[in-house]
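I opened the notebook to look up a few things in this model. Here is what I went through.

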Number of protein chains: 2
Amino acid sequence: MTRAALLACDWGTTNLRTWTLDAGGAVLASRDFELGVSRLQPGEAAARFQSEVRPALDALALPAVLCGMIGSNLGWTVAPYLDCPASVDDLARGLVSPPSAEGWVRIAPGVRGEGLAGASDVMRGEETQLFGWLALNPDRRQGRHIVCHPGTHAKWMVVEDGRLIHFVTAMTGELFAVLRQHSILKSDAAPDDPVAFAEGLAAAGDGGALAARLFTARARVVGRGKSAETTPSYLSGLLIGAETASVPPLLGVGPRTQVAVLGDAGLCALYSEALQHQGLACEIFDGEAAAVAGLSALFRKATGQ
Amino acid sequence: MTRAALLACDWGTTNLRTWTLDAGGAVLASRDFELGVSRLQPGEAAARFQSEVRPALDALALPAVLCGMIGSNLGWTVAPYLDCPASVDDLARGLVSPPSAEGWVRIAPGVRGEGLAGASDVMRGEETQLFGWLALNPDRRQGRHIVCHPGTHAKWMVVEDGRLIHFVTAMTGELFAVLRQHSILKSDAAPDDPVAFAEGLAAAGDGGALAARLFTARARVVGRGKSAETTPSYLSGLLIGAETASVPPLLGVGPRTQVAVLGDAGLCALYSEALQHQGLACEIFDGEAAAVAGLSALFRKATGQ
């Protein structure tokens with residue numbers, strides 16, 4: 001049996017995802033815990049990691065590398081943001097050893113960049129996936145690349161010669177969730193209607209006047225007799241369509257740029273359809289593999305392996 | 001004592017607003033009831049109007065004209081939408097006599113227009129305020145005018161020679177409410193900080209890439225150390241700014257067009273600041289007076305007075 005060498009954790013707001021890796025970075029086992037940072041009481045991260053997570057994984061003594069919101073003021077300890085431009089070496093140098101940890105534990109810093117409108121922009125977790133993606137795709141370590149990580153807070157990242165130089169966050173997933181649950185557009189129906197999704201993509205136009213375009217999701221039901229069951233799919237198409245129409249131009253993405261879409265397979269497929277609707281080429285990459293590769297790379301760099 | 005001649009009601013989703021008017025349309029008394037359409041059980045509108053509203057107003061036998069969501073399938077009875085273009089005479093001809101009414105009761109129809117992206121757009125209640133505004137401002141009955149009615153679902157209406165020819169709805173107020181209550185931007189603080197509001201207006205830019213601009217409300221706190229207490233004001237400025245930047249161009253509004261802002265005084269003042277930020281001239285009008293004048297005009301036309 002291959003010996004476990006690292007406990008890799010992506011500890012986000014909602015969930016804690018863990019992978020036990022061998023010395024070569026291959027996954028021996030993986031498990032998710034419903035123990036996101038939003039469910040932690042202040043100060044209890046260390047104890048719950050030691051008393052719940054490690055025993056459940058039979059990983060009491062393994063070195064552990066953690067990324068995500070666990071490094072925020074809501075998590076275990078604050079791993080201060082690195083400023084753009086940031087490389088994987090910068091990230092490894094910024095690893096923080098949290099208080100009250102048993103054994104070797106390190107938390108990855110987030111990254112801060114210059115955002116829209118003079119606000120800064122921030123991420124925690126996606127940077128580790130990005131550097132894992134670069135580790136898995138050596139041909140992307142030179143030149144300029146655009147990486148889109150869809151999700152609650154979608155990240156659009158610009159990489160140049162292996163460094164994250166700029167990024168923009170779009171609250172598309174969160175808008176979808178709050179509108180679907182709490183607004184006049186609320187519906188329990190699954191967003192699984194491809195025709196209504198495509199209708200939403202078309203209605204997104206150039207992504208401008210979004211508050212007005214959103215009302216078309218209501219008006220098409222009340223005024224045109226479309227089924228309210230199709231509203232979530234239409235809303236999904238409208239929001240992803242508006243994002244893919246309006247964010248790439250902010251990053252200087254033209255019709256010849258290929259976008260790397262990195263993340264959950266189902267969500268990546270929706271973004272791929274939306275990007276193609278915009279005439280943009282894209283390629284899909286697995287976010288989980290990238291997270292594992294990124295955490296593994298940080299461990300190797302931190303331990304000089 | 002002047003004799004009451006009409007019970008005028010704007011019966012919306014959240015509240016029922018009532019005014020007792022004399023024969024000349026002057027307000028003798030007014031009262032609001034927390035009896036919006038969303039709080040009615042199916043089929044009980046007639047009984048509650050007769051047993052609660054009329055007695056409380058000492059208006060058992062008064063003729064009544066109602067507008068708003070009470071004419072929807074969630075209200076008393078459906079008053080079918082009129083299609084644009086629509087005049088006050090069309091609206092009067094479309095009044096519906098609801099079932100089980102005691103005495104003379106009429107419900108105003110809503111209006112349906114061609115919306116964005118091939119969806120239709122709909123309104124119920126704002127049309128009555130619009131025609132009341134025209135009744136109070138005879139100089140606007142000729143020519144082309146743009147009227148903005150801010151609110152949960154803001155309406156931007158194009159009037160030509162006294163007829164409502166086109167309109168666009170923006171869900172700005174609802175976006176503000178759901179984001180403030182249910183998203184990562186949630187806050188109990190009052191949206192009363194003029195500096196943060198102006199900062200939000202500036203961050204709205206041309207109103208495009210809204211999902212990305214919204215994240216600046218988070219990033220300015222986490223990444224730039226701004227007080228989270230100012231988030232609601234910033235969010236209000238960002239959303240109203242995005243609307244006033246992006247919707248007027250859809251209606252062909254240029255820098256020389258004056259926008260009439262019709263509604264609640266506090267909200268109208270925020271829209272006025274936002275429109276001025278866009279370089280657009282505007283004038284504020286009282287929405288309540290317009291509602292009263294509109295309901296009164298419908299009564300006169302329906303009864304041949």
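**Entry 1: the sheet**

What is the strand order of the open sheet of five strands in chain B? I read it as β3-β2-β1-β4-β6, with mixed pairing. I noted that the model is predicted, so local features need pLDDT of at least 70 and side-chain atom pairs count only at 80 or more, while totals for chains, interfaces and linings use all residues. Side-chain values use heavy atoms, without hydrogens and water; residues are numbered from 1 along each chain as its sequence is written, and chains are lettered from A in the order in which they are written.

For terms, I used DSSP runs: helices are H or I of at least four residues, strands are E of at least two, both numbered from the N terminus. Two strands pair if DSSP finds at least two bridges between them.

Why does one side of β3 and of β6 in chain B lack a neighbour in the sheet? β3 (27-33) and β6 (105-107) stand at the edges, so each has a single partner strand. The twist averages 15 degrees from one strand to the next. Axes here are lines fitted to C-alpha atoms, for helices over the stretch in contact, and angles run from 0 to 180 degrees between N-to-C directions.

**Entry 2: one hairpin**

I looked at β2 (residues 16-22) of chain B next. It pairs with β3(B) in the antiparallel sense, over six bridges. Thr18(B) has Arg31(B) in β3(B) as its bridge partner. Four residues lie between the two strands of this hairpin, and Gly25(B) takes a positive phi near 90 degrees.

**Entry 3: helices**

Which helix packs on the sheet? I found α9 (residues 287-302) of chain B, touching β1 (4-11), β2, β3 and β4 (64-67). Contact means heavy atoms within 4.5 Å. The direction of α9(B) makes about 120 degrees with that of β1(B).

I then checked α3(B) against α9(B). Their axes are 6 Å apart, at an angle of about 90 degrees. That makes the two helices roughly perpendicular (65 to 115 degrees; under 35 is roughly parallel, over 145 roughly antiparallel, the rest oblique). Among the residues that meet are Trp133(B) and Leu136(B) in α3(B), and Leu295(B) and Leu298(B) in α9(B).

**Entry 4: aromatic rings**

How many aromatic pairs are there over all chains? I got eight from a search of the whole structure. Rings of Phe, Tyr and Trp (its six-membered ring) pair if their centres lie within 6.5 Å; planes under 30 degrees apart are stacked, over 60 edge-to-face, the rest tilted.

Phe49(A) and Trp76(A) are a tilted pair, 5.6 Å centre to centre, with 55 degrees between the planes. Phe49(A) is in helix α1 (residues 45-56), and Trp76(A) is in the loop between β4 (64-67) and β5 (82-83), 27 residues apart. Phe49(A) is buried, at 0% relative accessible area (buried is under 20%, exposed over 50%, partly exposed in between, with a 1.4 Å probe and protein chains only). Trp76(A) is buried too, at 12%.

Trp133(B) and Phe285(B) are edge-to-face, at 5.5 Å and 80 degrees.
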